[in-house]
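Biologist: Before we discuss any assignments, could you show me the model and then tell me on what grounds each term is applied?

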Amino acid sequence: MGPWELAWRRLKRNRVAMASLAVFFVLVGCCLAAPLYAEHVAGRGPTSTNATGTIKVDGKKTFVVTPDGTPIGPGFRKQYFLGADSLGRDVMVRLLYGGRNSLFVGFMAALITAALAVATGLAAGYFGGWTDRIISNGNDILWSFPVLLFAIALGTALALGGLNIGPISVQGDSLWIPIIIIGVVYIPYFGRPIRGQVLSLREKEFVDAAVAQGMGSTRIMFGEILPNLMSTILVFGTLIIANNILLEAALSFLGAGIQPPEPSWGGLISDGVNQIYTSPHLSLVPGVAIVIAVLSLNVFGDGLRDALDPRAKVRLR
Amino acid sequence: MSTPGPATGIAKGERLLRVEDLEVAFTTEEGVVQAVDGVSFELSAGEVLAVVGESGSGKSVTAMTLMGLTRSPNARFSGTAHYKDQELVNASEDELRRVRGAEIAMIFQDPMTSLNPVLKIGDQIAEQIQEHQALPDAQARERTIELLERVGIPRARDRLDSYPFEFSGGMRQRVMIALALSCDPSVLIADEPTTALDVTIQAQILQRIHELREETGAGVILVTHDLGVVADIADRIAVMYAGRIIEEGTLDQIFYDPQHPYTWGLLGSITRVDKPRPERLPAIRGLPPSLANRPEGCHFRPRCPHEFPKCTEVPPLESRVEGQPNHRDRCWLPVDEKREKREVRPGEIGLPDKEEAPAA
Amino acid sequence: MRFTVRRLLNMLFVLWAVSVLTFLIFMVMPGGGDEQAALRIAGRNANEAQVQTVKKEWGLDDPIYAQYADMMKKVFTGDLISYVNQVNVREEIVRGIPRTASLVIGAGIIWLFFGVVFGVLSAVYAGRFTDRALNVLALVGISLPVFWVGLVLLYYLTDRIALFPPGGYTELGDDPVDWAYHLILPWFALSILFIGFYSRVLRSNVLDISSEDYVRTARAKGLSERRILIRHTLRNALIPIVTLFGLDFGAALGGGAILTESVFGLQGVGQYAAESIGRLDLPPIMGVVLFGAFFIVLLNAIVDILYAFLDPRIRLQ
């Protein structure tokens, strides 16, 4: 039985981790179904306001937002299932759409981080010399910025004017801005362990054998070394997605992430801050969604790491 | 405390260790691994018992179990091991702690990793001394210097404050030996003490162990996979295979009158400078069995060119040679057949090559 | 000694690189020429006259390296002024430092202590109930968004039950007890994430080291388990924690505390940054980013020097 089948079997036996993964997929599924929910259940989109409207609660006509500005709270009904915000928007709908955005950003950013970290880690570790020195020093400098501050710096700078490098031109309020920012910010974090592993893999005999066969560098890096990095990539990848969701929430909360009016979980929390005492559900509920997403990923990531770890559980004292 | 002398409390020839039917099993993902399967032996003061076998034979686990170093949630033990009148296998942690270092001491295989990298070696030795004897710091320091000099470390007084990485492999092993001797133990267990060292250093270390045995009268268990290493210093040899002792006897008996095919294989695979070069390096064909799934009967059976039907019954470890009551083995073959089959070439003991395997 | 000097020189180099990077991020990268740059610095709601003033004062018509020199001059002479509210950036930062320091130092002590204690407990009782329970807590801890935790605490512990004051800050000099009283909830919010993370790292380190050969040697010496744990295992396991703590502490001091400060209204450097971000007010953001990066690099260097002190292998190369 190959090491992958063995790991997969071990993973399947870990019921907590599998349940966690299921929870995450359910969450993603719900968010993807946002348009369906908006159309068939709530009857309104994420940005449609209703500050002066009324709905029927227990047969009685109630204001969606009372004249003194208090929006309706959560309740078991099709419209405003999680209540409304001060502009009369449906919180549940915004939560699902926000989830789509936040999860999309988190995932795409992770792809960027993984791709660039693996590429630079492979190059630095395999070629060594100047390539390594430039890449490693670059990583060190990037890493000297506190992740949050760096992301904020990029976020604010780019939110104003968008990104214009040569042929690439991205609008300031596009989702791709936070994706690129979050993707870039974590490259050193991911790249360093990859480089370390490549360094030790490079010394192994199968690489010598490949060189002796006359394989070119690119083929060796991608055909021989990369497959051995897969388990590190998988485990780190899961962690990075989880961290990205948290980072994106923080950025959006501060206003340097996903720009309004696009909803995002962090943005929803910040919308509700001023009414935390009168309408706590506005800020508290999106946080619960974040915690569910991140926690399920972390638990699954733990299980994944245990399953892929070749170290036997037997430890002689 | 300046002249080395016999370890306190033992008389020459006194029986120090008696192991009876020791069994050690570990539960792992792949099932139950029976590392040690009914091992019994004795050790007397002043003698060197060499425990020889391949990796996975159970020799290290046996040695470490004597000091309780294999205890873990997934380990199961049965049998007994008596050090003087203290039973070790079922002893409490407190009882074991009193024995460790003070009565039974161990020299580990890899000196590079067996010393704490961030503590000075002087401190590491003094630590053991002060655990068992309440000495003031200055005295413990003096004793440490004495020990280091005794194992042949130059400028011991200066090196007290050095860290392990500042020593070479051979020097580090000497530090380990000094550590082991620091409380005058009656039993010294050396687990592959030279495997991680250069060949040239090997001889020196073994010589040291030999001399120390003479000086202190301690009993030594030397665990190794290399029969060549034991030829100079062992008094008795126990050969282990797949968790069992398959032959034990004196040095001469094992080297000149070996009774078990595995022993013949081991002897045959020692490269000799005084004989003509063989065409191929002799090796025992096949691989050792998985300890989770061992063959029925004699564990060596699948690799043995001399196996016959009775081998599916477990051969008990007993003396089968007339006049050699302490020479025991686990092979069903009659003694005269053994003496005949073990000579692959005149005067040379070993196992026949695959092509030469006899019919039957 | 030579090591220290080399490290400090390296630190200066990295600081310089960071300043260049900051410059690139804010002035060069978004592109759009000097008109755009002037607009960014002047702020979203600037009028034409202000934009022109900015253009002149910042020399945005000059070549890039002149602009860089100019920016650095402004930073060092404390001449960075926000165009949105005419406040001097350096003064604001200096005013906020004691508040940020109170928050971060207090939280740092708490998270280091509990992180280590929980980590050791988890390792010592590995596999048993204590370990499992602590692991669950740790996983939850690292999955919580800091700002949301703050909001939850505010709502439940200052409003529903008025156990703590709802944010705000009292000077240490005025009333130490009240000072601490106001900081308890922020300290807790900020430490939760780190406690979870540190206890997991420490648990992993302790378990790894427990299976090292030299721990086996220590046991063979007849030492008590407690002595082995403290003098051998922890002595080695804590070394990487020192590095980690230095980095995290620097990052928190440098700006990681932004979220906690904003939520609890502590008016420290972090909150100043947050407010400026909300207004997309560039000069203060630049100032805070440089300030933050400075602390990180400083603590990085301190940590490296400390590490050499603790690990003789590095010291005596």
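Modeller: A helix here is a DSSP run of H or I that spans at least four residues, and such runs are numbered from the N terminus. The model is predicted, and with that rule the elements of chain C read, from the N terminus on, α-α-α-α-α-α-α-α-α-α-α-α-α-α; chain C has 14 helices and zero strands.

Biologist: What makes B:Arg172 a buried residue?

Modeller: The cut-off is 20 or more other C-beta atoms within 10 Å, and B:Arg172 has 22 within that distance, so B:Arg172 is called buried. In chain C, 46% of the 317 residues count as buried.

Biologist: Where does B:Arg172 lie, and which residues is B:Arg172 in contact with, leaving aside its neighbours within four places in sequence?

Modeller: B:Arg172 belongs to helix α6 of chain B, which covers residues 169-181. A contact requires C-beta atoms within 7 Å, and, with those sequence neighbours set aside, B:Arg172 is in contact with B:Pro111, B:Met112, B:Leu115, B:Pro164 and B:Phe167. B:Leu115 is 57 residues away along the chain, and its C-alpha atom is separated from that of B:Arg172 by 8.3 Å.

Biologist: How many residues does the contact take from chain C and from chain A?

Modeller: Chain C gives 46 residues and chain A gives 43 residues. On the side of chain C that touches chain A, the classes are 30 nonpolar, twelve polar and four charged residues. Within chain C, of the contacts between residues at least 6 apart in sequence, 71% join residues at least 24 apart.

Terms used. Residues numbered from 1 in each chain as written. Chains lettered and ligands numbered in written order. Predicted model: local features only at pLDDT ≥ 70, side-chain atom pairs only at ≥ 80, totals over all residues. Helix = DSSP H or I, 4+ residues; strand = E, 2+ residues; numbered from the N terminus. Buried ≥ 20, exposed ≤ 12 C-beta atoms within 10 Å, placed from the backbone. Contact = placed C-beta atoms within 7 Å. Nonpolar A, V, L, I, M, F, W, Y, C, P; charged D, E, K, R; others polar.
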